[in-house]
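Me: I have a model open and want to learn to read it feature by feature. Please give me the general idea each time, then the case here.

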Amino acid sequence: MVGTQMIAKGLDLPMVTLVGVIAADSALYLPDFRSAERTFQLLTQVAGRAGRSDLGGSVIIQTYTPEHYAIQAAAQHDYHAFYQREMRFRQEHGYP
C-alpha cells in the first residue's frame, strides 16, 4: 500500500507490518515555527500504523538531517525529549 499523509490519520490497518517514510524532514524547513512539531507528530502517527497486530512491525525513516531533534525524538518515540527541546527553541526565539 502506498499513501500520503492521509494514511497516518486514524486508520487501523492491522496487517501493516512495515512503514516507510521518504524525505521525512522535508517539512522541517517550511517557514513556520511549528514545523518541527508537525514533523514529530506526523512521524509518530505514521509509525503507530505498523505493528498493531501480533505480527509486530518496523518503521524506516529516510531523512537528510537525521541529527535534527524532531527526527531523533520521533525515531525513539520520546515525547518528553521533543517537548523539552522544542520549548527551549520557542523560548529562545520568543515563540508561543
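Me: Is arginine 38 buried, partly exposed or exposed, and what is its relative accessible area?
Reply: Start with the cut-offs: buried means under 20% relative accessible area, exposed over 50%, and partly exposed in between, with a 1.4 Å probe and protein chains only as cover. Arginine 38 has a relative accessible area of 46%, so it is partly exposed. This is a predicted model: local features need pLDDT of at least 70, side-chain atom pairs count only at pLDDT 80 or more, and totals for chains, interfaces and linings use all residues. Residues are numbered from 1 along each chain as its sequence is written, and side-chain values use heavy atoms, with hydrogens and water left out.

Me: Which residue forms a salt bridge with arginine 38?
Reply: Side chains of opposite charge can pair when their charged atoms come close. The rule for a salt bridge is a side-chain nitrogen of Lys or Arg within 4 Å of a carboxyl oxygen of Asp or Glu. Arginine 38 pairs with aspartate 32, and their closest N and O atoms are 3.0 Å apart.

Me: How many salt bridges does this rule give?
Reply: The count is 4. One of them joins glutamate 86 to arginine 90, again with 3.0 Å between the closest N and O atoms. Both residues sit in helix α3, 4 residues apart, about one turn of the helix. Glutamate 86 has a relative accessible area of 2%, so it is buried. There is also a network: salt bridges with shared partners join Asp32, Arg34 and Arg38.

Me: Which salt bridge links distant parts of the chain?
Reply: Look at glutamate 37 and arginine 90, whose side chains meet at 2.5 Å, N to O. Glutamate 37 is in helix α1 and arginine 90 in helix α3, 53 residues apart. Glutamate 37 is partly exposed because its relative accessibility is 35%. Arginine 90 counts as buried because its value is 10%.

Me: In which sense do β1 and β2 pair?
Reply: Two strands pair if DSSP finds at least two bridges between them. β1 and β2 (residues 58–61) pair in the parallel sense, over 4 bridges. One place to look is valine 21, whose bridge partner in β2 is isoleucine 61.

Me: Which residues of β1 are on its covered face?
Reply: In β1 (residues 18–21), Val19 and Val21 form the covered face, while Leu18 and Gly20 form the uncovered one. Now check contacts, meaning heavy atoms within 4.5 Å. Leaving out residues up to four places away in sequence, valine 19 touches Val46, Arg49, Ala50, Ser58, Val59 and Ile60.

Me: Why does the length of α1 agree with its residue count?
Reply: The expected span of a helix is 1.5 Å times one less than its number of residues. The 13 residues of α1 should therefore span 18 Å, and its end C-alpha atoms are 18 Å apart. Its buried residues are Ser35, Ala36, Thr39, Phe40, Leu43, Thr44 and Val46. They pack against β1, β2, α2 and α3 (79–93).

Me: How many residues are in the largest nonpolar core?
Reply: A nonpolar core is a set of buried Ala, Val, Leu, Ile, Met, Phe, Trp, Tyr and Cys residues joined through side-chain atoms within 4.5 Å. The largest one here has 16 residues. Val19, Val21, Ala36, Phe40, Leu43, Ala70 and Phe82 have the most contacts inside it. β1, α1 (35–47) and α2 (69–75) each supply at least two of the core residues. The largest share, 5 residues, comes from α2.

Me: Which residues have a positive phi without being glycine?
Reply: Check the loops. Alanine 23 has a phi of about 55° and lies in the loop between β1 and α1. Histidine 77 has a phi of about 50° and lies in the loop between α2 and α3. Alanine 23 is partly exposed, at 24% relative accessible area. Histidine 77 is also partly exposed, at 46%.
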